[in-house]
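Please read them with the sequence and the model side by side.

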Amino acid sequence: MERALEAGREWKKSSGTKEQEGVTIYLRAGTYVLPEPLVLRPEDSGLTLAGLSRERPVLSGGRGIRGWKETEREGKKLWMADIPEVREGKWFFRELWIKGQRAVRARYPNKGYLKIANLVDARPDWTKGQTRFRYAPGALKSWKTITEGEVVVMNRWADSRLPVFSVEEDQQVINFTKRSVFAMMEEDLYYLEGTFEALDEPGEWYLDRHAGILYYLPRPDDSLKGMEAFAPVLTQVLRFEGRPEEDSFIENITVRGLALSHTEWCFPEGFAQAKEKPNISPAPEAEVGGFGQAEVGVPGAVWGQGVRNSVFENCAFKDLGNYGLELARGCQSNRIVHCEFSDLGAGGMKLGETAIRSRESELTRANEVSDCQIHDGGKMFHSAIGIWVGQSQDNRFVHNLIHDFYYTGISIGWTWGYGPALASNNLVAFNHVHHIGVKSDGDGPILSDMGGIYTLGKQPGTRIVNNLWHDIAGLRYGGWGIYFDEGSSGIIAESNVVYHTTHGGFHQHYGETNVLRNNIFAFARDHQLQRTRVEPHVSFSFQTNVVFFDSGVLLGGDWSGDKYQMDWNIYFDARPGKKPEEMQFANATLEQWRARGHDVHSIIGDPLFVAPERFNFGFRSGSPAVKLGFQPIDLQKVGVRKGGQGKTQN
């Protein structure tokens, strides 16, 4: 690959071709194992990297593991491979793919989670983590290889990866060499991985870093003959190294028909002192086992800055240990279309930065993500996000399918409160986002405080329209469909359908001048709508919406102060025997609620959905919603379009 790039560069120089014009490098099918990341610079502008015809070549940041043979250790019949580099301390990995399928790092328990019994060191400040906890009787043992293991603790909205220092069986205390991101709590979920004793289920593996031996417990259909195993070596397979601070950009690049695989990142030495470390509280520190939100410090397997007018098309970001794609500082007018992001250690993609830039050339803006499938993430970093957008504006996220993440589907903004913010004028439209917090196979929820879509800070011009959000679950609290968190302002949410959430179709923590209209919120478990902070200004307008439920209450949180506008809505409690006059509006009757100026023209009654039990939210003839001005929502247009429809206008 590097020789091909050099040949292309030499041709451009010798032929006098303009910098923005380039060459095309076609790759045949096969796996291209890279000794180091492939680096593109401004002089490579105009380059096309593409699979030949319909072939799907793989750019791999990993290495094949060979020399497998049968063995037995402590009564376990296993396969083993000798890896001298591991024994010499030159290589270690936490992920492994066998026959194209992610194998499980030896885990205890095999399924589900354990719960923290109590805390030895109670912390009054919840933002300060701990280095130990007490486990339930019999939950853990001081195994021979216990100090090679890591405990992963899920707390609030973050997870912490904590290397084990020791286990005190007499005190039922486990100690770590790192501290948790936040103060742990009783009954927080956790599991242990990476010890030999936990290697007890087919498809699991264990890496003995001292002996340099990889052990694998084979599945019934595995065969030593032709055993295909890949472990990650590189953090990134492809880097775009523009220099936006110097107005030097990489432009008109096309990456088409490639698979990008086998990378890993896990708190390498020096990461906390990195030049471009993220703005996050608590700040990244070597002694802390995670990030405060969204796994924001985990980089992309494909990373770029200063990338403009470029396209990723029909690519597969798969079998990765980190985020798939990261377009950081100064990336503008790029398109990611018809790509698939799957089997992800972290999330799908990161767009923008945590920092606020002032120079136009350093802003990340006007990018499009369309017709992409982003799924099965958070395999290693559980609080990663399908699409994370930082301080970035004028982007379009349309017709994507996002599902099976332990945390939020789409997150936009990185300013807590009403301070300076750049995430404005973003369009989120015709996306299908489901199984967030709880996965399709029933795993989860394990985290709290999440949304199908989550926003932060002032975002004038941002629109969330014609999306489908469903099956969103939080553990202790906070499984919301549309979640306007701290300072979210100036956002319009219109013609969305939200159903099957644990804590509400909509929640606003605090913000101003948000508009929710023509949405359907159905079948939330605990409460349908939530408002948290009382403020002196109008928080939001909630008009011409339908709220349909058969569980919990209508309103949760604090609805005092009346600084919100609600009218022309339909509310219906579908439980048998429920009478309209019995509906409560935050402990107020309808008459009392209307006396406070809310829902004067609203209706409590059946909206006459076609088949709500089958999630068909079309209206039957005579629906009162239509009479109130509700516009039907066509879900046939939601999700990935076949064949692509070109650029979507904002």
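A residue is called buried when its relative accessible area is under 20%, exposed when it is over 50%, and partly exposed in between. The model discussed here is predicted.

1. Start with Ala366. The relative accessible area of Ala366 is 12%, so under the 20% cut-off this residue is buried. Ala366 sits in the loop that runs between strand E34 (364–365) and strand E35 (368–370). Although Ala366 is not a glycine, its phi is positive, at about 60°.

2. Ser53 also deserves a look at its backbone. This residue is not a glycine either, and its phi is positive, near 55°. Ser53 belongs to the loop between strand E4 (48–51) and strand E5 (58–60). Is Ser53 buried or exposed? Its relative accessibility is 69%, which is over the 50% cut-off, and therefore Ser53 counts as exposed.

3. Tyr108 and Pro109 are joined by a cis peptide bond, and its omega is near -5°. Where is Pro109 placed? Pro109 lies in the loop between strand E12 (107–108) and strand E13 (114–118).

4. A further cis peptide bond links Gly444 to Pro445, with omega about 0°. Pro445 is found in the loop between strand E43 (432–436) and strand E44 (450–455).

5. For checking on screen, the backbone points are these: positive phi at Ser53 and at Ala366, and cis peptide bonds from Tyr108 to Pro109 and between Gly444 and Pro445.

Note on methods. Residues numbered from 1 in each chain as written. Predicted model: local features only at pLDDT ≥ 70, side-chain atom pairs only at ≥ 80, totals over all residues. Heavy atoms only, no water. Helix = DSSP H or I, 4+ residues; strand = E, 2+ residues; numbered from the N terminus. Buried < 20%, exposed > 50% of the residue type's maximum accessible area, 1.4 Å probe, protein only.
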